[in-house]
Amino acid sequence: MFVDGPAGTGKTFLAAALAVKFLREGCIERVVLSRPAVEAGEKLGFLPGSLEEKVDPYLRPLFDAIETLFTFEESARLISNRQIEVIPLAFMRGRTLKKSFVVLDEAQNTTVPQMKMFLTRFGDKSHMVIAGDSSQRDIEHRDNGFTDAMRRLSAVPGVAVTRLTASDIVRADIIGRIIEAYEKA
């Protein structure tokens with residue numbers, strides 16, 4: 001399923017909540033959360049620390065969603081058991097994700113080759129939610145992987161495309177007004 005919508009519509013949280021529901025019901029064996037490691041319009045350069053410390057800022061919104069759905073202890077246990085895996089998109093190549101619920105967040109920041117690579121990780125008895133905001137891209141590709149995939153795959157059986165609007169915003173009322181002001185400009 002592809003979900004395209006503005007900030008504050010709950011795309012990340014709803015995808016993570018559905019993944020947790022599937023995990024708790026035993027429909028899947030693990031949850032895999034991913035996103036591209038792309039800065040929001042700024043070049044941060046070299047980040048010190050271990051690999052985990054380097055990618056944590058990019059993956060923090062996914063951790064926030066998980067920590068909202070589980071206690072800290074429960075989320076730490078599920079992560080250490082690898083029932084919940086949070087991984088940058090760059091490290092997905094070569095994997096087959098069987099019996100998994102896979103969430104790709106910030107998908108508007110993928111290239112066409114990255115999106116194809118991600119989508120071909122799909123394994124038996126798995127589910128995918130690809131979430132993004134096509135109006136808020138941080139990469140310089142005119143036809144990025146997210147919009148390209150939605151266009152190519154919208155008629156493929158088993159693939160759904162959902163588009164949210166400013167009226168779907170749940171984070172804070174002012175966000176809808178901010179988005180509408182930007183859309184008018």
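**Reading a buried glutamine**

Modeller: Let us begin with Gln108, which counts as buried at 1% relative accessibility. Buried means under 20% relative accessible area, exposed means over 50%, and partly exposed lies in between, with a 1.4 Å probe and protein chains only. The model is predicted, so local features need pLDDT of at least 70 and side-chain atom pairs count only at pLDDT 80 or more, while totals for chains, interfaces and linings use all residues. Residues are numbered from 1 along each chain as its sequence is written, and side-chain values use heavy atoms, with hydrogens and water left out.

Colleague: Where is the place of Gln108?

Modeller: Gln108 is in the loop between β4 and α4 (112–119). Such names come from DSSP runs numbered from the N terminus: helices are H or I with at least four residues, and strands are E with at least two.

Colleague: Which backbone atoms does the side chain of Gln108 reach?

Modeller: A polar contact is a pair of N or O atoms within 3.5 Å; within protein, one must be able to donate a hydrogen and the other to accept it, and residues adjacent in sequence count only if both atoms are side-chain atoms. Here a polar atom of the Gln108 side chain lies 3.0 Å from the backbone nitrogen of Asp133, and the side chain of Gln108 also reaches the backbone oxygen of Gln136 at 3.2 Å. For contact in general, heavy atoms must be within 4.5 Å. Leaving aside neighbours within four places in sequence, Gln108 is in contact with residues including Ser134, Ile139 and Phe146.

Colleague: How should I read a sheet, and what is the order of the strands?

Modeller: Strands of a sheet pair through backbone hydrogen bonds, either parallel or antiparallel. Two strands pair if DSSP finds at least two bridges between them. In this model, six strands form an open sheet in the order β3-β2-β4-β5-β1-β6, with parallel pairing. Its edge strands are β3 and β6 (161–163), each of which pairs on one side only.

Colleague: How many bridges join β2 to β3?

Modeller: Five bridges join strand β2 (residues 30–35) to β3, and Leu33 stands opposite Val86 in β3. Five bridges also link β2 and β4 in the parallel sense, where Ser34 has Leu104 of β4 as its bridge partner.

Colleague: How many aromatic pairs does the count come to?

Modeller: Rings of Phe, Tyr and Trp (its six-membered ring) pair if their centres lie within 6.5 Å; planes under 30 degrees apart count as stacked, over 60 as edge-to-face and the rest as tilted. By this rule there are two aromatic pairs. Phe2 and Phe146 form a tilted pair, 6.3 Å centre to centre with 45° between the planes. Phe2 lies in strand β1 (residues 2–4) and Phe146 in helix α5 (residues 145–153), so this pair ties together parts 144 residues apart in sequence. The rings of Phe22 and Phe101 have centres 5.3 Å apart and planes at 70°, so that pair is edge-to-face. Because Phe22 lies in helix α1 (residues 11–24) and Phe101 in strand β4 (residues 100–104), the pair ties together parts 79 residues apart in sequence.
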